[in-house]
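Try each task yourself before reading its solution.

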Amino acid sequence: MSDSIGGSMRYLLLVLCFVCSLVSVSQAQPTAPGSIAIELLDKIPAATSEKKEVTNLKATGPWNGKAAAIALSYDDGLNTHLDNVVPLLNQHNIRATFYVTGTSHSIVTRSADWKRLADLGHELGNHTMVHPCMGSKPGREWVKSDRDLDNYTRAQFANEVTQANTLLSALDNKTRRTFAYTCGDKKAGGESIVDIIQNTAVAARGVYRGYNVPGKIDLYDLVAYSVNSHDAETLKAQVVKGIENNGLVVFVFHGVGGTHDLDVSQSVHQELIEYLSEQQASLWVAPVIEIADYIVENGLNKQ
Ligand SMILES: [Zn+2]
């Protein structure tokens with residue numbers, strides 16, 4: 001009897017000690033308020049001061065098991081994408097989305113290079129044939145009348161999207177792809193063209209507004225972060241914001257190392273790509289189409 005009581009007491013003490021040790025661990029290493037998952041990497045002390053930044057970021061979350069999703073998108077089908085971007089991405093095993101305009105000089109003259117890029121798993125996204133924009137918006141004096149979406153009919157716009165899909169299918173042999181609104185515009189002849197895109201594209205990217213949050217994602221107006229003369233720290237801060245908020249950050253690039261009014265230097269772009277590579281414990285970096293499919297499969301879009 002007394003042995004049994006002694007045994008019970010020892011068992012109780014053991015349980016109490018175990019609970020005490022749990023409390024002391026949780027007090028010593030508090031998790032960030034509002035974090036969805038307990039971040040494994042937070043529990044591992046940084047080996048060196050350089051590693052500290054990496055280990056403090058979330059490692060797990062709703063994006064294919066990672067804390068944030070990153071999509072890199074490059075607009076307008078430029079030679080700098082082929083020459084300055086693709087080799088770097090391939091070197092880091094990062095795949096991206098290229099929203100090409102069907103009649104861009106580079107597409108016309110270097111179609112074999114664009115085909116090769118698609119063969120490597122990058123997405124060729126639809127960005128129309130001639131890149132029409134709404135001339136009625138402020139600062140749009142440069143829009144030519146035959147490329148003015150205000151002068152288009154919806155049928156004309158729909159035909160152009162189909163033509164671009166046909167051209168891109170000849171390059172990548174695919175029938176599914178995402179779309180990027182030219183100049184971010186969503187009207188032709190004064191009428192919405194969003195339903196046309198909903199019927200022809202897997203998802204569509206807008207411009208200029210930050211990052212996407214699970215549960216509030218509009219697949220046909222993906223929030224994006226447009227890059228123009230930014231420094232590397234600002235771009236990295238956007239990635240960190242994505243990680244901290246379990247967001248999807250879609251970067252929009254035009255020129256990389258020149259040849260476009262909207263541009264980023266090659267060194268800044270390279271620093272961002274290297275940063276994404278370093279942070280892969282926290283990030284899922286993929287083409288827009290793969291992330292869009294994942295959003296639908298996992299119900300992360302706006303219900
Ligand atoms: Zn464009």
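**Exercise 1.** Find the residue that follows α3 and describe its phi.

*Solution.* Step 1: go to the end of helix α3, residues 79-91; helices are DSSP runs of H or I with at least four residues, strands are runs of E with at least two, and both are numbered from the N terminus. Step 2: look at N93, which follows α3 and has a positive phi, near 60°.

Two notes before going on. Residues are numbered from 1 along each chain as its sequence is written. The model is predicted, so local features need pLDDT of at least 70 and side-chain atom pairs count only at pLDDT 80 or more, while totals for chains, interfaces and linings use all residues.

**Exercise 2.** Describe the length of α3, and where α3 bends.

*Solution.* Step 1: α3 has 13 residues and reaches 18 Å from its first C-alpha to its last. Step 2: this is close to the expected 18 Å, where the expected span is 1.5 Å times one less than the number of residues. Step 3: at V85 the helix bends by about 40°, with the proline P87 following within four residues. The bend is the angle between axes fitted to the seven residues ending at a position and the seven starting there.

**Exercise 3.** Which residues of α3 are buried, and what covers them?

*Solution.* Step 1: apply the cut-offs: a residue is buried if 20 or more other C-beta atoms (placed from the backbone) lie within 10 Å of its own, exposed if 12 or fewer, and partly exposed in between. Step 2: T80, H81, V85, V86 and L89 are buried. Step 3: their cover includes β1 (68-75), β2 (97-100) and α9 (266-278).

**Exercise 4.** Compare T128 and H131: is each buried or partly exposed?

*Solution.* Step 1: T128 lies in the loop between β3 (123-126) and α6 (154-172), and H131 is found in the loop between β3 and α6. Step 2: phi is positive in T128, near 70°, and in H131, about 60°. Step 3: T128 is buried because 23 other C-beta atoms lie within 10 Å, whereas H131, with 19, is partly exposed.

**Exercise 5.** Which residues does V207 contact, beyond those within four places in sequence?

*Solution.* Step 1: contact requires C-beta atoms, placed from the backbone, within 7 Å. Step 2: V207 is in the loop between β7 (204-205) and β8 (225-226). Step 3: its contacts are G184, A224, S226 and V252.

Definitions and conventions
Two residues are in contact if their C-beta atoms, placed from the backbone, lie within 7 Å.
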